[in-house]
Amino acid sequence: MKQSYFFNKKESYLSAVQVPARFRFYFTVAVPAMIILVTLGVLRIAGELPMLDYREADIHTAVVATLATLARLMIAYVLAIVVAIPLALLAEKSNAKRFLLPVYDIAQSIPILIFFPFIALAFVKLGFSEGAAIFILFIAMLWKLVFSIIFGLNSLPNEIKQTAQMYNITGVNYLTKILLPAIIPQLTIGSIFAFADGWNFVIVAEVLHAYIPNGVVANDLFGVGSTMVGAASAGNETLFVYSLIAVVSMVIVLNLSVWQRLLAYAERFKF
Amino acid sequence: MIIEFKNVSKVFQEGAGDNLVDVSFSIERGEFVSFVGASGSGKTTVMELIVGATEKTKGEIIRPKNTIMVFQKDSLLPWLSVLENVILVLLNEKISEAEKIKIAHEKLALLQIEKLADKYPHELSGGQTQRVSIARALAVDPEVLILDEPFSALDEKTKEELHKDILKTWKEHDLTIIMISHQIEEVVLLSQRAFAMSAKKISAEIEIPFAYPRNAEDEMFMKKIVEIRRAL
């Protein structure tokens, strides 16, 4: 008799739904490797950064800067997911839907970049420059995720909602066994768009000196965005091209190793 | 008597007309009853009122709490195996984990689909999906089982096999079964009583007092089909 996953508390949700053989490499090698790379990037950000001379910097700088930016994007993405899921679940409640959806709609249509000078200054004054970039990336990603989750919740068939009601599947069981798995396909698509938006905002988010009165390059956050701007200003075309190649390569690797595989995996959560 | 409707009306939206008009009927424990009618005749609204998915606007309803509806489609979770889909409905039961697994296997065996326990919904045929939905419903030991157009998407052979399984399950479990259908022949083949519905009302109540198994080529059978068709 096969043991059902509901009773095996040691298993994670992903292993619970029986990862097929073709995804095992992904979950056992690719994801840990990605986590290690991101951690390296985070360490690079957190470490004591030497003042970069963009006239001298080389391909090594471009690669590490791309990893640092990826780490920043990952932190913003995780924060955005953590906030987006409850916001979307709140809007799903019928009594809140009427006023929350228009509020979300207005919020997502406000161009956040116009506020960036204030946000950047505020974080710099607090002595937490990193927060400015993460915050702007977080906002850039948030609404894409919120609306994709709301769309996922709305596509839950009525039969499933009625079935849950009939069998008294409520609360945590309803959330973890039905709602969260049901949003995985839309959440995956939303994540791809959110990450794409994140890359778009990176240059603005890392070049903080542009928003600080009498700002200097030392005010910038180390990452591929600031490296590209620094390389262009210093006339180091080679570094600029290396940075460009590093970003494009990272986007392609992420797409092939994470998003495409997650999209294929999400198929099993579709009705 | 297990279910009774007294002059029940239902309006979903003010000004949009009634979805159910002054409906009265009663169903005895252990009966196999069908509601037959065209799309939009009000059958589904009656079922939603019985399971408590919607509230009546007027009238009085007596219904048991433990009523389960088996839908025509989309009620299994695609990310759970067949066994897990059945166990899901037992999560709130105050019995041991081993007991839950045992019940799930027993119900699958009852519907002759135990070998499908590890399969996923997308790997099942329409008939197998319906069997899993019924097995899952039986796992919570319902007093009333409602079947919403259970055979409409099935081929003739599968339909015939499932008819036999449903009649067997009904007798063995002493269940009350309510079936929604627009297939009159199917209604006469399975039920003891039929309520014909048209224009949001019950237009006729027809007894079908034949012994099982029934023969669709029998003259009385054919007459009953005509009687129901006239009532619609």
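This is a predicted model: local features need pLDDT of at least 70, side-chain atom pairs count only at pLDDT 80 or more; totals for chains, interfaces and linings use all residues.
Good morning. In helix α7 of chain A, the residues A:T163, A:A164 and A:M166 are buried; a residue counts as buried if 20 or more other C-beta atoms, placed from the backbone, lie within 10 Å of its own. Seen down the axis of α7(A), the buried residues fall within an arc of 165°, so they line one face of the helix. That arc is taken from the directions from the helix axis to the C-beta atoms.

Residues are numbered from 1 along each chain as its sequence is written, and chains are lettered from A and ligands numbered from 1 in the order in which they are written.

What do the buried residues of α7(A) pack against? They pack against α8 of chain A, together with α1 (43-51) and β5 (67-70) of chain B. Helices (H or I, at least four residues) and strands (E, at least two) are DSSP runs, numbered from the N terminus. Just after α7(A), A:N168 takes a positive phi of about 60°.

Let us turn to the contact between the chains. It takes 25 residues from chain A and 24 residues from chain B, where two residues are in contact if their C-beta atoms, placed from the backbone, lie within 7 Å. On the side of chain A that touches chain B, α7(A) gives the most, with six residues.

Finally, chain B has seven helices and nine strands. Its C-alpha trace spans about 50 × 45 × 30 Å along its principal axes.

Conventions: A residue is buried if 20 or more other C-beta atoms lie within 10 Å of its own, exposed if 12 or fewer, and partly exposed in between; C-beta atoms are placed from the backbone.
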